[in-house]
Amino acid sequence: MGVKIEVEYWYLSFFIPVLIFCYEPRYRELHRVVKEEFPDADVSGFVGRSGSFEIQINGQLIFSKLELGGFPQEDDVMNAIQAAFDGKPVAKITKSRAPCVIM
């Protein structure tokens, strides 16, 4: 069974190089870690809504930064992906790291 992981992440850039706010590095790190552990996973990301870091597995939203205010724990995401590969139901992640604050 194939597993498809899609990540919507926020990217906002002003013309001043210092004012770049984005979660693309977090997406790239997640992509790297997932592909190391699950080389057959189809992992993709796209720029989305302001403040977003939303993760879907096989079309099911399993994590939402917009809802929880922080980022997921890596182990929680990896456990969800493992469940999907095992053909088990994937539960939504309901906890996050400390809220992200941009100053």
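**First stop: helix H1**

Select H1 and colour its residues by accessibility: Glu 24, Tyr 27, Leu 30, Val 33 and Val 34 are buried, where buried means under 20% relative accessible area, exposed over 50% and partly exposed in between, with a 1.4 Å probe and protein chains only. The model is predicted: local features need pLDDT of at least 70 and side-chain atom pairs count only at pLDDT 80 or more, while totals for chains, interfaces and linings use all residues. Residues are numbered from 1 along each chain as its sequence is written, and side-chain values use heavy atoms, with hydrogens and water left out.

H1 covers residues 24-37, and its 14 residues reach 20 Å from the first C-alpha to the last, close to the 20 Å expected at 1.5 Å a residue. That expected span is 1.5 Å times one less than the number of residues.

Stay in H1 and select His 31, which is in this helix. His 31 is partly exposed, because its relative accessible area is 26%. Draw a distance from the C-alpha of His 31 to that of Glu 6: the two are 25 residues apart along the chain and separated by 9.8 Å.

**Second stop: the whole chain**

Zoom out and show the cartoon. The chain has three helices and six strands, taken as DSSP runs numbered from the N terminus, with helices (H or I) of at least four residues and strands (E) of at least two. From the N terminus on, the order is β-β-β-α-β-β-β-α-α. Of the 103 residues, 36% count as buried.

**Third stop: the aromatic rings**

Show the side chains of Phe, Tyr and Trp. Two rings pair if their centres lie within 6.5 Å, using the six-membered ring of Trp; planes under 30 degrees apart count as stacked, over 60 as edge-to-face and the rest as tilted. How many aromatic pairs does this rule give? The count is five.

Select Tyr 9 and Tyr 27. This pair is stacked, because the ring centres are 5.3 Å apart and the planes stand at 10 degrees. It joins distant parts of the chain, with Tyr 9 in strand S1 (residues 4-9) and Tyr 27 in helix H1, 18 residues apart. Are these two residues, Tyr 9 and Tyr 27, buried or exposed? Both are buried.

Next select Trp 10 and Tyr 23. Their rings form an edge-to-face pair, at 5.4 Å centre to centre and 65 degrees between the planes. Trp 10 is in the loop between S1 and strand S2 (11-13), and Tyr 23 is in the loop between strand S3 (20-22) and H1, 13 residues apart. Trp 10 counts as buried because its relative accessibility is 11%, and Tyr 23 is buried with a relative accessible area of 6%.

Phe 53 is in strand S5 and, at 3% relative accessibility, counts as buried. The C-alpha atoms of Phe 53 and Val 7 are separated by 6.7 Å, although the two residues are 46 apart along the chain.

Centre the view on Phe 71. Which residues lie over its face? Arg 26 lies over the face of Phe 71 at 3.7 Å from the ring centre, and Lys 65 at 5.5 Å. A charge sits over a ring if NZ of Lys or CZ of Arg is within 6 Å of the ring centre and within 35 degrees of the ring normal.

Arg 26 belongs to helix H1 and, at 37% relative accessibility, counts as partly exposed. Arg 26 and Phe 71 are 45 residues apart in sequence and 9.2 Å apart in space, C-alpha to C-alpha.

Go to Asn 58, in the loop between strand S5 (53-57) and strand S6 (60-64). Its phi is near 50 degrees, a positive value in a residue other than glycine. Asn 58 counts as partly exposed, at 35% relative accessibility.
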